[in-house]
Structure formats: C-alpha cells, structure tokens
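Biologist: I've got this model open and want to talk it through. Shall we start?

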Amino acid sequence: MNEKKKNPEKNEKLIQVFGENVRKFRKERNLSQKELAELCDVDTITVSRIERNISNTTISTIAIIAEALRIPPSKLLED
C-alpha cells in the first residue's frame with residue numbers, strides 16, 4: 001500500500017506563515033489580540049497561540065479570522 005508521508009517541515013512553515021499574517025493584518029487594522037478574539041468569538045489565548053505559531057488551527061477558524069480582518073482566507077496563508 002502506498003502511504004503518504006507527512007512533511008512536518010511544510011506544516012510548521014505553514015503554521016508560521018499563518019501566524020505571522022494574522023499578526024500583520026491585525027496590526028494593520030489597529031486591533032489588539034483581545035479585540036480580534038472578541039470579533040472571532042474565541043479566547044484571547046487562541047489568538048496569541050496562533051500568532052506565536054503554537055496552534056495548528058482549523059479551516060473554520062481561518063475563515064472566521066479572515067472575515068474579522070476583512071480579507072480572503074487565502075491572504076492568511078500567503079508566504
């Protein structure tokens with residue numbers, strides 16, 4: 001059977017890019033982590049963990065954050 005191998009380096013890079021983009025767009029909109037968390041109906045700790053590249057978030061959360069930041073979800077994943 002042909003099993004796909006996971007590439008943790010790619011996953012880590014994507015998590016890092018996502019976190020950096022969340023921080024960048026949040027700051028561009030002059031939002032605190034708390035304000036973004038409230039807009040997304042998540043804990044402030046969740047936003048902090050995303051921005052520090054600790055959290056591997058769900059597609060649903062990506063969409064919610066993108067909507068709160070008024071950008072397409074794809075912008076949050078662009079390197």
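Biologist: Is proline 73 buried, partly exposed or exposed?

Modeller: Bear in mind this is a predicted model, where local features need pLDDT of at least 70, side-chain atom pairs count only at pLDDT 80 or more, and totals for chains, interfaces and linings use all residues. Residues are numbered from 1 along each chain as its sequence is written, and side-chain values use heavy atoms, with hydrogens and water left out. Buried means under 20% relative accessible area, exposed over 50%, and partly exposed in between (1.4 Å probe, protein chains only). Proline 73 has a relative accessible area of 38%, so it is partly exposed.

Biologist: Which residues does proline 73 touch, leaving out those up to four places away in sequence?

Modeller: Proline 73 sits in the segment after α4; helices here are DSSP runs (H or I, at least four residues), and strands (E, at least two), numbered from the N terminus. Contact means heavy atoms within 4.5 Å. On that basis, proline 73 touches Ile62, Ala63 and Ala66.

Biologist: How do α2 and α4 lie, roughly parallel or roughly perpendicular?

Modeller: Their axes come within 9 Å and cross at roughly 115°. Axes are lines fitted to C-alpha atoms, for helices over the stretch in contact, with angles from 0 to 180 degrees between N-to-C directions. Angles under 35 degrees count as roughly parallel, over 145 as roughly antiparallel, 65 to 115 as roughly perpendicular and the rest as oblique. That makes α2, relative to α4, roughly perpendicular.

Biologist: Which residues of α2 and α4 make the contact?

Modeller: On the α2 side, look at Leu36, Leu39 and Cys40. From α4 come Ile64, Ile65, Ala68 and Leu69.
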